[in-house]
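Let's take a look at how two parts of one chain meet. Have the structure open while you read.

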Amino acid sequence: MDIENLQTPFYLLDEEKLEKNLKLLDYVQKQSGAKILLALKGFAFSGAMELVGKYLYGCCASGLYEAKFGKKYIAKEVHTYSPAFKESEIEEISQLSDHLVFNSFSQWQKFKKKVLKNTSCGLRVNPEISASVAKSYDPCAAFSRLGVTKKEFKKDLLDGIEGLHFHALCEQGADELQKVLRAFEENFGEFLHKMKWVNFGGGHLITRDGYDVKKLIYLIKDFKKRYDLEVYLEPGEAVGWQSGVLVSTVLDIVHNQIDIAILDTSAEAHMPDTVLMPYKAKITGAGDAKKKRYRYQIASNSCLAGDIMGDYSFDKELKIGDKIIFEDQMHYTIVKNTTFNGIKLPDLLVLKKDGTIKTIKKFGYEEYERRN
Ligand SMILES: *Cc1c(COP(=O)(O)O)cnc(C)c1O
């Protein structure tokens, strides 16, 4: 893979790795009978969508723009859920969507007449079991606006509703899904016999090493046996998981008690979850701070003091012009990028299966101007 002559920063999706994820997800579909959708919220790289469409049933969207995008680039089923739909968009959304999931009975009542002719409608419920680790990633935390709780559920308004949706996981395994399913059935099981489908949401990190795929398949099959309905899953992260990198260049090395390498990329703008979650991204060939001989703080060329990727160590001294490759940078990165501080948005490239590199999008000054 010759990346030396390419202008940085850029994201590089590895098609072979993406396809490996998709094949595993397809295996789950075939073994369990569930249908899997890509959650565009986490991964919407246009250069990957054709391949996604080869294996998955379609996408889940969070509103008009994602629905339009999914229709255009994946061109299969579109399932749209939003915490609140807008009057001005609902008609178009319902025409684009195979399933439409409402977050409340008030939205359902408000839009029912407008959408019923176009799409299959469902309701998002809140199973009120916190399986997610961090609060900002927990849709079932106290006071959550996401989904109807059992207490607020109005069964006399269910006429026309064909499915229930829950989303309670984040980077989790089949054991957590089992707990959520149990709570979901306890709270809402009595309504399932009237439904045509159930959506188990996202947060299933099926493609991570060690995920209990067998158990997932068992849970779905077992559920489908008890309730004769269609089951959907809508992971985002699991689709893009470990399928590509962010490549940057060392612009300068400065010293202030420690060696600091300044790159042409930004944690804040290009790897936001490293700041938000937070987590430390892996750099190819580097170790944690004290593992190897040459130590550096790796940081951004933005003017934000805290825009730092972390402390790493290398076998060889870093030089200006060296490439630094951050691993696993496909999900929740491109979809969240900003032009903060005028730093160049990373271009979007694909490493094809035949070894060639294809440029999908190049970004320049215009992006900055257009947004400001
Ligand atoms: C975020 C989200 C997903 C995808 O979650 P991942 O953690 O990326 O798998 C799916 N469904 C809904 C409703 C979401 O909000």
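The chain splits into domain 1 (15-240) and domain 2 (242-370), with bounds that come from an automatic or database domain assignment. Before going on, note that this is a predicted model, where local features need pLDDT of at least 70 and side-chain atom pairs count only at pLDDT 80 or more, while totals for chains, interfaces and linings use all residues. Residues are numbered from 1 along each chain as its sequence is written, and side-chain values use heavy atoms, leaving out hydrogens and water.

Taken over C-alpha atoms, the centres of the two domains sit 32 Å apart. Here's who takes part in the contact (heavy atoms within 4.5 Å):

| Domain | Residues in the contact |
|---|---|
| Domain 1 | 18 residues |
| Domain 2 | 19 residues |

How much area is buried between domain 1 and domain 2? It's about 1700 Å², and carbon and sulfur atoms give 58% of that. Buried area here means the accessible area (1.4 Å probe) that two parts lose on being put together, summed over both. On the domain 1 side, Glu15, Phe45 and Tyr137 supply 36% of the area buried against domain 2, more than any other three residues.

Glu15 turns up again in a salt bridge with Lys352, where the closest N and O atoms are 2.9 Å apart. A salt bridge is a side-chain nitrogen of Lys or Arg within 4 Å of a carboxyl oxygen of Asp or Glu, and there are 2 salt bridges between the domains.
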